[in-house]
Amino acid sequence: MTPAQLSDAVLRSVRHAVRSGELRVAVPGRAGVRRPPHGDADWSTGIALALAGPAGRPGREVADTLRAHLAATPGVARVEVAGPGFLDIHLAEDADAAVLAPWLDAPPLDPWPEDPARDVARWAAVAGGDPVELLVQREPNPLFTVRWAHARCRALLRGGTAMGLTPAPGGEVATGPGGTDAVTPAGAGRSEVVRLIAEYPRLRDALTSALDAEGTPGEAGGAVARFLVSLADALLTAETTAPALPVGKEKPGAVHRVRLAVALATGTVLADGLHRLGVNAPDHL
(Lines give C-alpha, C1' and ligand atoms only; values in the text may rest on other atoms or scores of the structure.)
Protein backbone atom coordinates (compact mmCIF):
# COMPACT_ATOMS: atom_id res chain seq x y z
CA MET A 1 0.00 0.00 0.00
CA THR A 2 1.46 3.34 -1.06
CA PRO A 3 1.32 6.47 1.13
CA ALA A 4 -1.19 7.97 -1.31
CA GLN A 5 -3.43 4.90 -1.04
CA LEU A 6 -3.15 4.96 2.74
CA SER A 7 -3.98 8.67 2.82
CA ASP A 8 -7.12 7.94 0.79
CA ALA A 9 -8.02 5.16 3.23
CA VAL A 10 -7.70 7.57 6.17
CA LEU A 11 -10.04 10.04 4.44
CA ARG A 12 -12.53 7.26 3.73
CA SER A 13 -12.49 6.43 7.44
CA VAL A 14 -13.38 10.05 8.24
CA ARG A 15 -16.22 9.99 5.70
CA HIS A 16 -17.61 6.76 7.17
CA ALA A 17 -17.52 8.23 10.67
CA VAL A 18 -19.28 11.40 9.47
CA ARG A 19 -21.96 9.48 7.55
CA SER A 20 -22.64 7.24 10.55
CA GLY A 21 -23.00 10.28 12.82
CA GLU A 22 -20.01 9.37 14.98
CA LEU A 23 -18.26 12.61 14.00
CA ARG A 24 -19.66 16.03 13.13
CA VAL A 25 -16.90 17.68 11.09
CA ALA A 26 -16.15 18.75 7.55
CA VAL A 27 -14.12 16.09 5.74
CA PRO A 28 -10.67 17.56 4.96
CA GLY A 29 -9.24 17.56 1.46
CA ARG A 30 -6.18 15.51 2.39
CA ALA A 31 -4.77 13.38 5.19
CA GLY A 32 -1.03 13.30 5.79
CA VAL A 33 0.75 10.08 6.73
CA ARG A 34 4.35 9.77 7.85
CA ARG A 35 6.82 7.30 9.27
CA PRO A 36 6.35 7.27 13.07
CA PRO A 37 9.45 8.41 15.00
CA HIS A 38 8.95 5.70 17.63
CA GLY A 39 7.49 2.21 17.82
CA ASP A 40 7.20 -0.45 15.13
CA ALA A 41 4.20 0.85 13.17
CA ASP A 42 4.58 1.29 9.42
CA TRP A 43 2.80 4.66 9.19
CA SER A 44 1.19 7.25 11.45
CA THR A 45 -1.34 10.02 10.91
CA GLY A 46 -2.39 12.98 13.05
CA ILE A 47 -5.76 13.42 11.34
CA ALA A 48 -7.63 12.86 14.62
CA LEU A 49 -5.74 15.72 16.27
CA ALA A 50 -6.61 18.02 13.37
CA LEU A 51 -10.30 17.11 13.71
CA ALA A 52 -10.48 17.20 17.51
CA GLY A 53 -11.01 20.99 17.70
CA PRO A 54 -13.77 21.20 15.06
CA ALA A 55 -15.43 18.13 16.58
CA GLY A 56 -15.23 19.54 20.11
CA ARG A 57 -13.84 16.25 21.41
CA PRO A 58 -10.51 15.00 22.80
CA GLY A 59 -7.98 13.85 20.22
CA ARG A 60 -7.77 10.30 21.57
CA GLU A 61 -11.56 9.99 21.46
CA VAL A 62 -11.66 11.05 17.81
CA ALA A 63 -8.74 8.72 17.05
CA ASP A 64 -10.54 5.79 18.65
CA THR A 65 -13.60 6.52 16.50
CA LEU A 66 -11.53 6.53 13.31
CA ARG A 67 -9.44 3.54 14.35
CA ALA A 68 -12.30 1.07 13.95
CA HIS A 69 -13.06 2.25 10.42
CA LEU A 70 -9.41 2.38 9.32
CA ALA A 71 -8.64 -1.07 10.73
CA ALA A 72 -11.21 -2.56 8.33
CA THR A 73 -9.24 -1.33 5.29
CA PRO A 74 -7.83 -4.17 3.13
CA GLY A 75 -4.06 -4.30 3.56
CA VAL A 76 -4.18 -2.89 7.10
CA ALA A 77 -3.37 -5.40 9.84
CA ARG A 78 -4.17 -3.22 12.85
CA VAL A 79 -4.40 0.39 14.01
CA GLU A 80 -3.40 1.69 17.43
CA VAL A 81 -4.07 5.02 19.15
CA ALA A 82 -0.82 6.58 20.40
CA GLY A 83 0.00 9.68 22.44
CA PRO A 84 -2.59 12.48 22.38
CA GLY A 85 -4.40 11.03 19.37
CA PHE A 86 -2.07 9.71 16.69
CA LEU A 87 -3.19 6.69 14.69
CA ASP A 88 -0.32 4.21 14.26
CA ILE A 89 -0.96 1.92 11.31
CA HIS A 90 0.47 -1.58 10.87
CA LEU A 91 0.19 -2.97 7.35
CA ALA A 92 -0.66 -6.57 6.50
CA GLU A 93 2.01 -8.91 5.13
CA ASP A 94 0.63 -8.62 1.58
CA ALA A 95 0.94 -4.82 1.67
CA ASP A 96 4.39 -5.05 0.07
CA ALA A 97 2.90 -6.87 -2.90
CA ALA A 98 0.42 -4.01 -3.37
CA VAL A 99 3.32 -1.52 -3.45
CA LEU A 100 5.17 -3.53 -6.09
CA ALA A 101 2.20 -4.50 -8.28
CA PRO A 102 1.90 -1.29 -10.38
CA TRP A 103 5.60 -1.45 -11.25
CA LEU A 104 5.61 -5.14 -12.11
CA ASP A 105 2.94 -4.58 -14.75
CA ALA A 106 4.14 -1.21 -16.06
CA PRO A 107 4.87 -1.10 -19.82
CA PRO A 108 8.45 -0.28 -20.82
CA LEU A 109 9.32 3.34 -21.52
CA ASP A 110 10.72 4.61 -24.79
CA PRO A 111 14.30 5.45 -23.76
CA TRP A 112 15.91 8.78 -24.44
CA PRO A 113 18.57 8.59 -27.16
CA GLU A 114 22.06 8.01 -25.81
CA ASP A 115 23.60 11.44 -25.14
CA PRO A 116 25.97 11.65 -22.12
CA ALA A 117 26.28 15.44 -22.33
CA ARG A 118 22.50 15.90 -22.21
CA ASP A 119 22.15 13.40 -19.35
CA VAL A 120 24.78 15.15 -17.26
CA ALA A 121 23.33 18.60 -17.95
CA ARG A 122 19.80 17.60 -17.01
CA TRP A 123 20.89 15.76 -13.86
CA ALA A 124 23.10 18.68 -12.76
CA ALA A 125 20.22 21.10 -13.33
CA VAL A 126 18.15 19.46 -10.58
CA ALA A 127 20.72 17.74 -8.37
CA GLY A 128 23.84 19.85 -8.81
CA GLY A 129 27.34 18.48 -9.26
CA ASP A 130 30.34 19.10 -11.48
CA PRO A 131 29.43 18.02 -15.05
CA VAL A 132 32.95 16.69 -15.57
CA GLU A 133 32.74 14.49 -12.49
CA LEU A 134 29.23 13.36 -13.43
CA LEU A 135 30.68 11.90 -16.63
CA VAL A 136 32.99 9.59 -14.63
CA GLN A 137 31.51 6.09 -14.63
CA ARG A 138 32.28 5.05 -11.06
CA GLU A 139 31.29 5.78 -7.50
CA PRO A 140 30.80 8.22 -5.80
CA ASN A 141 29.18 9.75 -8.90
CA PRO A 142 25.44 9.74 -7.94
CA LEU A 143 24.25 9.69 -11.53
CA PHE A 144 26.42 6.66 -12.23
CA THR A 145 25.08 4.96 -9.07
CA VAL A 146 21.48 5.36 -10.22
CA ARG A 147 22.17 4.22 -13.77
CA TRP A 148 24.32 1.34 -12.54
CA ALA A 149 21.57 0.16 -10.17
CA HIS A 150 19.09 0.23 -13.05
CA ALA A 151 21.44 -1.77 -15.28
CA ARG A 152 22.04 -4.18 -12.39
CA CYS A 153 18.29 -4.77 -12.03
CA ARG A 154 18.01 -5.52 -15.73
CA ALA A 155 20.97 -7.93 -15.53
CA LEU A 156 19.40 -9.75 -12.57
CA LEU A 157 16.20 -10.25 -14.55
CA ARG A 158 18.13 -11.62 -17.51
CA GLY A 159 19.97 -13.97 -15.19
CA GLY A 160 16.75 -15.08 -13.52
CA THR A 161 15.16 -15.80 -16.88
CA ALA A 162 18.14 -17.95 -17.83
CA MET A 163 17.59 -19.95 -14.60
CA GLY A 164 13.87 -20.30 -15.19
CA LEU A 165 13.00 -17.95 -12.30
CA THR A 166 9.88 -15.81 -12.66
CA PRO A 167 9.56 -12.66 -10.50
CA ALA A 168 6.83 -13.00 -7.86
CA PRO A 169 6.13 -10.52 -5.03
CA GLY A 170 5.33 -13.33 -2.57
CA GLY A 171 5.78 -17.06 -2.22
CA GLU A 172 6.18 -19.99 0.12
CA VAL A 173 9.11 -22.08 1.25
CA ALA A 174 9.04 -25.43 2.99
CA THR A 175 10.01 -25.28 6.69
CA GLY A 176 9.59 -28.89 7.66
CA PRO A 177 7.44 -31.97 7.05
CA GLY A 178 4.27 -30.60 5.51
CA GLY A 179 4.89 -27.04 6.66
CA THR A 180 5.44 -23.82 4.71
CA ASP A 181 6.23 -20.22 5.51
CA ALA A 182 5.30 -17.16 3.48
CA VAL A 183 8.15 -15.22 1.90
CA THR A 184 7.65 -11.45 1.68
CA PRO A 185 10.02 -8.77 0.40
CA ALA A 186 10.86 -7.93 4.01
CA GLY A 187 11.77 -11.54 4.69
CA ALA A 188 13.77 -11.59 1.46
CA GLY A 189 15.97 -8.73 2.64
CA ARG A 190 14.26 -6.00 0.67
CA SER A 191 12.19 -4.10 3.25
CA GLU A 192 14.04 -0.79 2.80
CA VAL A 193 13.80 -1.00 -0.97
CA VAL A 194 10.04 -1.57 -0.84
CA ARG A 195 9.64 1.23 1.71
CA LEU A 196 11.30 3.64 -0.70
CA ILE A 197 9.29 2.43 -3.70
CA ALA A 198 6.13 3.17 -1.71
CA GLU A 199 7.19 6.80 -1.41
CA TYR A 200 7.90 7.35 -5.12
CA PRO A 201 4.35 8.06 -6.44
CA ARG A 202 4.10 11.14 -4.21
CA LEU A 203 7.41 12.49 -5.53
CA ARG A 204 6.51 11.61 -9.13
CA ASP A 205 3.18 13.43 -8.86
CA ALA A 206 4.87 16.51 -7.40
CA LEU A 207 7.33 16.52 -10.31
CA THR A 208 4.51 16.13 -12.83
CA SER A 209 2.66 19.06 -11.26
CA ALA A 210 5.79 21.22 -11.37
CA LEU A 211 6.39 20.40 -15.02
CA ASP A 212 2.77 21.10 -15.92
CA ALA A 213 2.70 24.39 -14.03
CA GLU A 214 6.19 25.77 -14.61
CA GLY A 215 7.66 23.72 -17.43
CA THR A 216 10.75 23.05 -15.31
CA PRO A 217 11.33 20.39 -12.62
CA GLY A 218 12.49 22.84 -9.94
CA GLU A 219 12.80 21.55 -6.38
CA ALA A 220 10.51 18.62 -7.19
CA GLY A 221 13.15 17.44 -9.67
CA GLY A 222 15.82 17.67 -6.99
CA ALA A 223 13.66 15.60 -4.63
CA VAL A 224 13.24 12.91 -7.29
CA ALA A 225 16.99 12.86 -7.99
CA ARG A 226 17.79 12.44 -4.29
CA PHE A 227 15.19 9.71 -4.02
CA LEU A 228 16.68 7.83 -6.97
CA VAL A 229 20.10 7.86 -5.32
CA SER A 230 18.63 6.52 -2.07
CA LEU A 231 16.73 3.77 -3.90
CA ALA A 232 19.80 2.80 -5.92
CA ASP A 233 21.93 2.63 -2.77
CA ALA A 234 19.30 0.51 -0.98
CA LEU A 235 19.08 -1.96 -3.87
CA LEU A 236 22.83 -2.30 -4.25
CA THR A 237 23.29 -2.73 -0.50
CA ALA A 238 20.61 -5.43 -0.41
CA GLU A 239 22.36 -7.26 -3.24
CA THR A 240 25.59 -7.47 -1.24
CA THR A 241 23.87 -9.11 1.75
CA ALA A 242 21.05 -11.08 0.12
CA PRO A 243 21.70 -11.68 -3.60
CA ALA A 244 18.67 -11.99 -5.86
CA LEU A 245 20.17 -14.92 -7.75
CA PRO A 246 21.35 -18.20 -6.19
CA VAL A 247 25.00 -18.30 -5.19
CA GLY A 248 27.22 -21.40 -5.32
CA LYS A 249 25.24 -24.57 -4.60
CA GLU A 250 22.16 -22.64 -3.50
CA LYS A 251 19.03 -23.79 -5.32
CA PRO A 252 16.63 -21.33 -6.98
CA GLY A 253 13.54 -20.86 -4.84
CA ALA A 254 10.69 -18.63 -3.72
CA VAL A 255 12.99 -16.16 -1.97
CA HIS A 256 14.82 -15.53 -5.24
CA ARG A 257 11.55 -14.98 -7.10
CA VAL A 258 10.57 -12.36 -4.51
CA ARG A 259 13.95 -10.62 -4.78
CA LEU A 260 13.64 -10.61 -8.56
CA ALA A 261 10.18 -9.03 -8.27
CA VAL A 262 11.71 -6.26 -6.18
CA ALA A 263 14.51 -5.89 -8.74
CA LEU A 264 11.95 -5.59 -11.54
CA ALA A 265 9.97 -2.95 -9.63
CA THR A 266 13.13 -1.08 -8.63
CA GLY A 267 14.46 -1.00 -12.17
CA THR A 268 11.12 0.29 -13.44
CA VAL A 269 10.99 3.04 -10.81
CA LEU A 270 14.58 4.09 -11.49
CA ALA A 271 13.89 4.19 -15.23
CA ASP A 272 10.70 6.17 -14.68
CA GLY A 273 12.43 8.74 -12.48
CA LEU A 274 15.37 9.17 -14.84
CA HIS A 275 13.03 9.44 -17.83
CA ARG A 276 11.00 12.20 -16.16
CA LEU A 277 14.24 14.09 -15.53
CA GLY A 278 15.17 13.69 -19.19
CA VAL A 279 17.99 11.24 -18.49
CA ASN A 280 18.62 7.96 -20.30
CA ALA A 281 18.40 4.70 -18.30
CA PRO A 282 20.59 2.15 -20.13
CA ASP A 283 20.14 -1.60 -19.66
CA HIS A 284 23.91 -2.12 -19.87
CA LEU A 285 26.79 -0.17 -18.35
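Start by selecting S44, which is found in strand β1 (residues 43–45); helices (H or I, at least four residues) and strands (E, at least two) are DSSP runs, numbered from the N terminus. You are looking at a predicted model, where local features need pLDDT of at least 70, side-chain atom pairs count only at pLDDT 80 or more, and totals for chains, interfaces and linings use all residues. Residues are numbered from 1 along each chain as its sequence is written, and side-chain values use heavy atoms, with hydrogens and water left out.

**Stop one: around S44**

S44 counts as buried because its relative accessible area is 3% (buried means under 20% relative accessible area, exposed over 50%, partly exposed in between, with a 1.4 Å probe and protein chains only). Now show the side chain of D88: the side chain of S44 makes a polar contact with it at 2.9 Å. A polar contact here is a pair of N or O atoms within 3.5 Å; within protein, one must be able to donate a hydrogen and the other to accept it, and residues adjacent in sequence count only if both atoms are side-chain atoms. The S44 side chain also reaches the backbone oxygen of L87, at 3.4 Å. Leaving out residues up to four places away in sequence, S44 touches G32, V33, R34, P36, F86, L87 and D88, where contact means heavy atoms within 4.5 Å.

**Stop two: charges over rings**

Next, select R35 and W43. The charged end of R35 sits over the W43 ring, 3.7 Å from its centre; the criterion is NZ of Lys or CZ of Arg within 6 Å of the ring centre and within 35 degrees of the ring normal. Then try R122 with W112: R122 lies over the face of W112, at 4.7 Å from the ring centre.

**Stop three: aromatic pairs**

How many aromatic pairs does the structure hold? There are three, with rings of Phe, Tyr and Trp (its six-membered ring) pairing if their centres lie within 6.5 Å; planes under 30 degrees apart count as stacked, over 60 as edge-to-face and the rest as tilted. Select F144 and W148, a stacked pair at 6.5 Å centre to centre with 5° between the planes. Both residues lie in helix α7 (residues 142–162), four residues apart, about one turn of the helix. F144 is buried, at 12% relative accessibility, whereas W148 is partly exposed at 33%.

Move on to Y200 and F227, which are stacked at 5.3 Å centre to centre, with 20° between the planes. This pair links distant parts of the chain: Y200 is in helix α8 (residues 191–214) and F227 in helix α9 (residues 218–241), 27 residues apart. Y200 and F227 are both buried.

**Stop four: the nonpolar cores**

The largest nonpolar core has 48 residues, of which W123, I197, F227, L228, L231, L274 and L277 touch the most other members. Such a core is a set of buried Ala, Val, Leu, Ile, Met, Phe, Trp, Tyr and Cys residues joined through side-chain atoms within 4.5 Å. Colour α4 (95–104), α5 (116–127), α7, α8, α9 and α10 (254–276), the elements that give two or more residues to this core. Helix α9 supplies the largest share, 10 residues. A second, separate core of 25 residues includes V10, W43, A52 and L70.

**Last stop: R226**

Finish in helix α9 with R226, which is partly exposed at 47% relative accessibility.
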